Amino acid sequence: MSIPRQLTASELPPSPEGGEARSSGSTVRLVAAAFAENRLAVVGLGVIVAMALFSFAGPLLYHTNQVSPNPSIADLPPSGAHLLGTDSQGYDVLGRLMVGGRSSLEIGLAVGAVATVFGTLYGAVSAVMGGATDAVMMRLVDGFYSIPALFLLIILADMFTPNLPLLIVVLSFISWLAPARLVRGEALSLRTREYVQAVKVAGGRRGRVVWRHIVPNAIGTIAVNASFQVADAVLALATLSFLGLGLPPPAASWGGMLSDGITYLYDGYWWQVYPAGIAIVVVVVAFNLLGDALRDSLDVRLRRR
Amino acid sequence: MTKYLLGRLGQSAVVLVIVSLVIFGLVHLLPGSPAKAELGIKATPQAIAAFNRLNGFDKPLWVQYWVYVDHLFHGNLGFSYDENAPVTQLFMARFPKSMLLVGLSLVVAVVLAIPLGVYQAVRRNGVGDYMLTGASFGLYSFPTFWLGFVLIALLSVSLHLFPPTAPSGNSVFAILADWRGLVLPVMTLALVSVAAFSRYMRSSMIDALAQDYIRTARAKGLSERAVLMVHALRNSLIPMATMIGLSLPSILGGALVTEQVYNYPGVGLLFFDAAGRSDFPVLLGLTLVGAVGVVIGNLVADIAYVTLDPRIRY
């Protein structure tokens, strides 16, 4: 391993000033550069794009019936007519994988977005308000953090009949805590910077501080966390489906396919289990890789290794 | 130190109050009302009024919360009408079994993760590091139930090494006597944590290896083994205490799923069965206990952290 050495002034990353997100260029350019230098991030993004194409464009090319069960063609092994066979309801597995991927990705991305936006604003507002408000807001986060998420998720999913928008709300409800804590941490250090002080002196409102300074400066942290949030949401949705609290039939999801198929795993119907199981793991790995690689690239300390 | 401990205790107390408020709030979020949730939607107004009077739901909210907290302090977590038993009694009957599962998995996870993380940190960016990183990413991305079924398919159905179901003994001793049945559940729950713990151990060790005192240790001619084991490892272990504390909520969630997969008669299975029949007193009572466990776990982890690290003095 390399021995860490003292950095000279020219090697040190320029310190942000004047309210710019980074003085070395726009966020978009920074992220583009991060991708260019990190092959794993490209792999992660590539897999995500491929899976999205498969799920959203796939059904346009590969027409299958995914609405009405057809017992006469149930449990067929893979063949020319059904490339990945059929399941116990007579649905084509490959076609169902596409349709299921759509709801899994939609829910995952929606939860990632909702949780990230709400958590970011919550954390930033908490830090900017400071004092007692900050303390109360963060103890609330601590409290929710202490309740095992899966327990809360099951109770909420049990209280209401699950459907797509509701599942997004319920999953977001347990996902906003991490971004809230992360952004508050970032915002606490940003709050004391001179350019933020200058906004206050100039009579700018707190809303302006949050929108124009804290959110853009914390965007790296936020983007990295959003990627992990999507991965976690896809996993949580699969677990809910396994526990029978996911999308009700005939709606398809990878978790639902996996938990339906698992009953028959030991009877040799492998095509009803492994495709969906592998799809979940591949997509979750891809989002985790993307987040991890982005974090390495955006982390100034690690960037200069 | 005393001041830190008191402050940290106070913080935990505040968090517990918030947890109790959240769970108390959930009781009132129940569709319709707690009475309708319990008695069914066709309950007569008289039955609802009687139920509300019996449970104090006809009093103002703050009185109800006060009664709720008073009950908690007396060990009363509520009453399950479906099981016709107090939640506390149901919980206590299952608790030792879940403790056994969670405790064993935690030990296995830590024992596996530490050498893995150290190896990866020392051979950073080598082939072994990349392969282990890949493996831990994969493991981390497995839904717990799916991992359980893959292990059953592989080690039980194909290789006949271990039974596919957990021991169903009534006492902890009966379960331990049937240890072969415990292997797969413990492994399932441990493997998911190993992935996260070894990643954390790796970065913690890399941080430790970059410190000046490591250079000093090498410069004064210590063997590489002594440098790693005495200087780097011991210091990088300290942050693991926090990591274990922070991962408690997800471990409890994992235990719930694992118990369901292997039909292990612990608190998780009790929770799952209660969810199946919408037995909300059990669900909310167990959630509260889980949260209290997490708060205590984090408190212990934080105290361990400051005790283990002689550099931190309050």
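Reader: What area is buried between chain A and chain B, and what share do carbon and sulfur atoms give?

Author: In this predicted model, the area buried between chain A and chain B is about 4100 Å². Carbon and sulfur atoms give 79% of that area. The contact involves 41 residues of chain A and 47 residues of chain B.

Reader: What makes R199(B) and D292(A) a salt bridge?

Author: Their closest N and O atoms are 3.5 Å apart. The cut-off is 4 Å between a side-chain nitrogen of Lys or Arg and a carboxyl oxygen of Asp or Glu. The pair therefore qualifies. Across the interface of chain A and chain B, the rule finds one salt bridge. Polar contacts between chain A and chain B come to four residue pairs, both residues at pLDDT 80 or more.

Reader: Which elements give two or more residues to the side of chain A that touches chain B?

Author: They are α5, α6, α11, α12 and α13 of chain A. With 10 residues, α13(A) gives the most. By type, that side of chain A has 31 nonpolar, five polar and five charged residues.

Reader: What makes R8(B) and D302(B) a salt bridge, and which parts does the pair tie together?

Author: The N to O distance is 2.7 Å. The limit is 4 Å, so the pair counts. R8(B) lies in helix α1 of chain B and D302(B) in helix α14 of chain B, so the pair ties together parts that are 294 residues apart in sequence. R8(B) is buried at 12%. D302(B), at 21%, is partly exposed.

Reader: Why is N298(B) called buried?

Author: Its relative accessibility is 18%. The limit is under 20%, so N298(B) counts as buried. N298(B) is found in helix α14 of chain B. Leaving aside neighbours within four places in sequence, N298(B) is in contact with R8(B), G245(B) and L246(B). A polar atom of the N298(B) side chain lies 3.4 Å from the backbone nitrogen of L246(B).

Reader: How are R215(B) and D212(B) placed in their helix, and what makes them a salt bridge?

Author: Both lie in helix α10 of chain B, three residues apart, about one turn of the helix. An α-helix has 3.6 residues a turn, so residues three or four places apart point the same way. The N to O distance between the side chains of R215(B) and D212(B) is 2.8 Å. The cut-off is 4 Å, so the pair is a salt bridge. R215(B), at 48%, counts as partly exposed. D212(B) stands at 51%; exposed means over 50%, so D212(B) counts as exposed.

Reader: What makes α6(A) mostly covered?

Author: Of its 11 residues, 10 are buried. Among them are L150(A), F151(A), D158(A) and M159(A). For chain A, 50% of its 305 residues count as buried.

How values were computed. Residues numbered from 1 in each chain as written. Chains lettered and ligands numbered in written order. Predicted model: local features only at pLDDT ≥ 70, side-chain atom pairs only at ≥ 80, totals over all residues. Heavy atoms only, no water. Helix = DSSP H or I, 4+ residues; strand = E, 2+ residues; numbered from the N terminus. Buried < 20%, exposed > 50% of the residue type's maximum accessible area, 1.4 Å probe, protein only. Polar contact = N/O pair within 3.5 Å; in protein donor to acceptor, adjacent residues only side chain to side chain. Contact = heavy atoms within 4.5 Å. Buried area = accessible area lost by both parts, 1.4 Å probe. Nonpolar A, V, L, I, M, F, W, Y, C, P; charged D, E, K, R; others polar.
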